[in-house]
Amino acid sequence: MSEKDQLVVVAEGDVLRAMWRLDDARARTRKALTGMEPSLVDWQSQHHSHTIGTILYHVAAIELDWLIEEILEGTAPDEGIWELFPYEVRDDDGSLMIVTGHSLDWYWQRLDRVREAFQQSIAAMSVEDFRRKRVMAHYDVTPEWVLHHLAQHEAEHRGELMMLRAMAEQADS
């Protein structure tokens, strides 16, 4: 195997590891909500406006937005994917749009569909494209960095989900 071939194998491993981190973040989010009473998905605290459903909707929509805008440079992975998101992500004040009235499964379906599109898009990408800088209006970004960012984004919101679940379960008891 030539030195160039060895570098390609290492680089492809980097792509797989980046995708693994993103998938691990999702698995931990699922675990954090496993066994939760379905009624708690819409629970709201008087001190915290978000619901569990709101956060899950936000995570899915933001992942899709980063995929389309930054990684695929404005091209949707399929024409109808945004139809899964009937609500704006933010309200007129810039706060997360409160999404209620849906089952936990409804949110998981969106998260799963976006992740499937994400995995297919990354799998079809060359290592060079995975590391190619996308020049945006306010920043430059690579798909490699986007995967890191999205894993962090989900981890931060997982903490919020766990707090909301604990508060809701305490209020419900």
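Where does Glu73 lie? Glu73 is in the loop between α2 (52–71) and α3 (104–123). Helices here are DSSP runs of H or I with at least four residues, numbered from the N terminus. The model is predicted: local features need pLDDT of at least 70, side-chain atom pairs count only at pLDDT 80 or more, and totals for chains, interfaces and linings use all residues. Residues are numbered from 1 along each chain as its sequence is written, and side-chain values use heavy atoms, with hydrogens and water left out.

Stay with Glu73 for a moment. Its phi is near 55°, a positive value in a residue other than glycine. Glu73 is partly exposed, at a relative accessible area of 45%. On this scale, buried means under 20%, exposed means over 50%, and partly exposed lies in between (1.4 Å probe, protein chains only).

Now turn to the rings. The whole structure holds 8 aromatic pairs. One of them joins Trp82 and Phe85, edge-to-face, with 5.6 Å centre to centre and 70° between the planes. Rings of Phe, Tyr and Trp (its six-membered ring) pair if their centres lie within 6.5 Å; planes under 30 degrees apart are stacked, over 60 edge-to-face, and the rest tilted. Trp82 is partly exposed at 36%, whereas Phe85 is buried at 9%. Ring pairs also link these two with Tyr57, Tyr87, Trp106 and Tyr107 in a cluster.

Charges meet rings too. Arg110 lies over the face of Trp106, 3.6 Å from the ring centre. The charged end of Arg30 sits over the ring of Trp108, at 4.1 Å from its centre. Such a contact needs NZ of Lys or CZ of Arg within 6 Å of the ring centre and within 35 degrees of the ring normal.

Definitions and conventions:
Helices (H or I, at least four residues) and strands (E, at least two) are DSSP runs, numbered from the N terminus.
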